Amino acid sequence: MTSYISENGYDINTRLVYGMRCIGKGKCVVRTLCAIMNLPPPPVKVERLNYSLYRALSSSCSKSILKAVEGTVSRNDNARDITEALDGTWQKRGHTSINGVITVTSLDTGYSGGMESDDAIRMFQRSVSTRNVRYAKYLGDGDSKGFLKISESKVYEEELVVEKLESVGHVQKRMGTRLRNLRNNLKSNKLTDGKKISGCGRLTDAQILLIQKYYGLAIRNTSKSVDEMSK
């Protein structure tokens with residue numbers, strides 16, 4: 001079989017392994033792809049090249065982030081106090097993992113315990129030194145403690161008070177959660193009409209999803225008027 005060698009000395013199927021890992025695919029997928037493309041099977045060990053991959057990805061990531069920041073500043077009338085959205089995810093559910101990822105993105109683009117809030121503070125603190133911008137508005141999960149920690153720490157001293165924004169999607173999600181909790185708490189009780197809260201024609205999962213949908217629409221369609229939203 002022909003040996004395919006790239007300019008940097010890495011054969012093409014080794015590069016395929018790295019490419020697939022970047023999108024969350026493993027060696028089995030690369031082995032199948034190599035077979036389909038009539039290429040040699042992927043190498044057994046590619047860990048020795050991990051550092052090279054890390055450097056390349058870090059460099060590309062930094063350039064991409066800086067470009068995104070400057071694009072956001074340009075759309076913000078060249079003001080460097082911008083709005084950001086922050087969220088975190090971890091390896092295991094239930095706040096038991098010690099491995100997690102915290103992400104801050106511009107609003108224009110659309111472990112446990114205190115990992116998210118601690119990392120949020122670090123990202124805010126380095127926004128000026130690494131990105132030359134300040135995160136003036138904060139959009140995060142409704143249950144996130146990140147904003148509370150940021151407010152208490154006063155990351156920008158007294159010059160700028162970070163404003164909290166609410167995500168309609170998360171508010172809508174909380175409405176569904178509370179309706180399900182209400183149904184579970186009252187499932188064995190009879191209401192004033194003598195019937196239970198759940199069952200046919202009552203508060204079913206389908207009805208909860210429908211209420212969530214219209215609840216979100218009511219907020220989005222009347223976002224400029226609290227009175228109209230209340231109606």
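The sections below cover the basis of the values, the ring pairs and the charges over rings.

## Basis

The model is predicted: local features need pLDDT of at least 70, side-chain atom pairs count only at pLDDT 80 or more, and totals for chains, interfaces and linings use all residues. Residues are numbered from 1 along each chain as its sequence is written, and side-chain values use heavy atoms, with hydrogens and water left out.

## Aromatic pairs

The whole structure holds 4 aromatic pairs (Phe, Tyr or Trp rings, the last by its six-membered ring, with centres within 6.5 Å; planes under 30 degrees apart are stacked, over 60 edge-to-face, the rest tilted). One of them joins F124 and Y135 edge-to-face, at 5.1 Å centre to centre and 80° between the planes. F124 belongs to helix 4 (residues 115–125) and Y135 to strand 3 (residues 134–139), 11 residues apart; helices (H or I, at least four residues) and strands (E, at least two) are DSSP runs numbered from the N terminus.

F124 is buried at 0% relative accessibility, and Y135 is buried at 10% (buried is under 20% relative accessible area, exposed over 50%, partly exposed in between; 1.4 Å probe, protein chains only).

F124 also forms a tilted pair with Y156, 6.3 Å centre to centre with 45° between the planes. Y156 lies in the loop between helix 6 (146–153) and strand 4 (163–165), 32 residues from F124, and is likewise buried. A single aromatic cluster contains F124, Y135, Y138, F147 and Y156.

## Charges over rings

The charged end of R134 sits over the ring of Y156, 5.9 Å from its centre (NZ of Lys or CZ of Arg within 6 Å of the ring centre and within 35 degrees of the ring normal). K213 lies over the face of Y214, 5.9 Å from the ring centre.
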